Amino acid sequence: MLKINGLTKKFKKFKAIDSFSFEFNNGIYGLLGPNGAGKTTLLRCISKLYPVDNGVIFYNGQDINENKDYLECIGYLPQLFGMYKDLSVKEMMLMMANLKNIDLNNSNREIERVIKVVNLEEKMNAKVSSLSGGMIRRLGIAQALLGKPKIIIFDEPTAGLDPEERLRFKNIISEIARNIIVIISTHIVEDIEAICDNIVIMNKGKLVTSGSSTDIKQIANSKVYIVPERDISTLPNDCQIEKHLEINGQKCARVLSNIKLKYIQDSPNIEDGYICAIKRI
């Protein structure tokens with residue numbers, strides 16, 4: 001179990017994380033929030049890249065700052081992941097294995113294992129510079145899996161990937177996420193809905209809410225309306241227009257409102273619940 005207790009992280013006077021508390025048990029967690037919500041800062045605190053100003057992070061009951069083996073339990077793919085492009089895929093992975101203190105006798109076998117997981121076996125001897133953007137991202141996932149970490153953190157892992165690569169990522173996560181903690185930070189709600197057991201929503205450095213996909217959808221229950229476009233200007237000011245769409249040739253808008261409207265209601269999805277939570281609708 002990974003327990004965060006009253007975590008605060010400041011940059012000068014700005015509180016990027018503000019008294020954040022949460023418990024992560026084994027499973028896949030989706031971390032959602034707008035830009036600037038503090039998601040990346042939180043992940044960097046968990047990974048010990050940032051010291052915290054207040055609060056404690058515990059792993060299996062022990063303060064991570066007092067656990068000398070904690071970093072060996074972490075696999076981390078940052079949002080911006082750089083590699084040495086003149087190295088081959090195998091050379092790059094050998095370097096990462098060395099940085100993770102993986103025994104040299106086991107390195108080759110472990111590299112072969114994770115490269116197979118991300119389906120890059122044919123690129124083992126290719127230069128990193130020859131890989132596509134999707135392959136680079138998969139290689140980043142592979143290095144995060146080295147050493148079979150008990151906590152795996154992905155920061156915007158599907159950013160810039162095409163639909164096929166995003167589907168491949170979902171399949172990889174589904175395969176590896178057994179008896180470990182996986183935390184995925186993203187702004188792509190569909191990715192969260194497809195693979196995550198639990199969703200954590202944060203904003204302005206604070207925990208807003210958390211729960212299963214069903215729990216998050218319920219936040220928007222009876223708040224979703226389909227409104228003809230011609231009536232949008234007559235809506236109350238506190239209504240939130242989520243998106244415009246066309247139904248049976250009629251232009252409409254999907255609108256969120258905590259005030260009962262006269263229009264047809266629609267079933268809520270995770271994005272509806274997320275917006276309602278963030279906007280306090």
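Author: **A close look at Ser107**

Neighbours within four places in sequence left aside, Ser107 is in contact (heavy atoms within 4.5 Å) with Leu94, Ala97 and Ile102. This is a predicted model, in which local features need pLDDT of at least 70 and side-chain atom pairs count only at pLDDT 80 or more, while totals for chains, interfaces and linings use all residues. Residues are numbered from 1 along each chain as its sequence is written, and side-chain values use heavy atoms, with hydrogens and water left out.

Ser107 belongs to helix α3. Helices (H or I, at least four residues) and strands (E, at least two) are DSSP runs, numbered from the N terminus. Ser107 has a relative accessible area of 3%, and it therefore counts as buried. The scale runs as follows: buried is under 20% relative accessible area, exposed is over 50%, and partly exposed is in between (1.4 Å probe, protein chains only). From Ser107 to Leu94 the C-alpha distance is 6.8 Å, although 13 residues separate the two in sequence.

Arg113 and Glu110 both lie in α3, three residues apart, about one turn of the helix. Their side chains form a salt bridge, with 2.6 Å from N to O; the term requires a side-chain nitrogen of Lys or Arg within 4 Å of a carboxyl oxygen of Asp or Glu. Glu110 is buried at 11%, whereas Arg113 is partly exposed at 30% relative accessibility.

Helix α3 (104-117) is also one of the elements against which the buried residues of α4 pack. The others are β6 (74-77), α2 (89-99), β7 (151-155) and α5 (163-176). Helix α4 spans residues 133-145, which is 13 residues, and reaches 19 Å from its first C-alpha to its last. That is close to the expected 18 Å, where the expected span is 1.5 Å times one less than the number of residues. Eleven of the 13 residues of α4 are buried, among them Gly134, Met135, Arg137 and Arg138. After α4 comes Gly147, with a positive phi near 85 degrees.

Elsewhere, Thr41 in helix α1 (residues 39-46) is buried too, at 13% relative accessibility. Beyond its neighbours within four places in sequence, Thr41 touches Lys9, Phe11, Ala16, Ile17 and Tyr50.

In total there are ten salt bridges. One of them joins Lys68 and Asp69, with the closest N and O atoms 3.6 Å apart. Lys68 is exposed at 75%, and Asp69 is partly exposed at 37%. Another joins Asp266 and Arg254, at 2.5 Å between the closest N and O atoms. Asp266 sits in the loop between β14 (264-265) and α8 (270-279) and Arg254 in strand β13 (residues 250-256), so this pair ties together parts twelve residues apart in sequence.

Finally, the chain as a whole. Its secondary structure comes to eight helices and 14 strands. Of its 281 residues, 50% are buried. Among contacts with a separation of 6 or more, 66% are between residues 24 or more positions apart. The C-alpha atoms fill a box of roughly 70 × 45 × 35 Å, taken along the principal axes.
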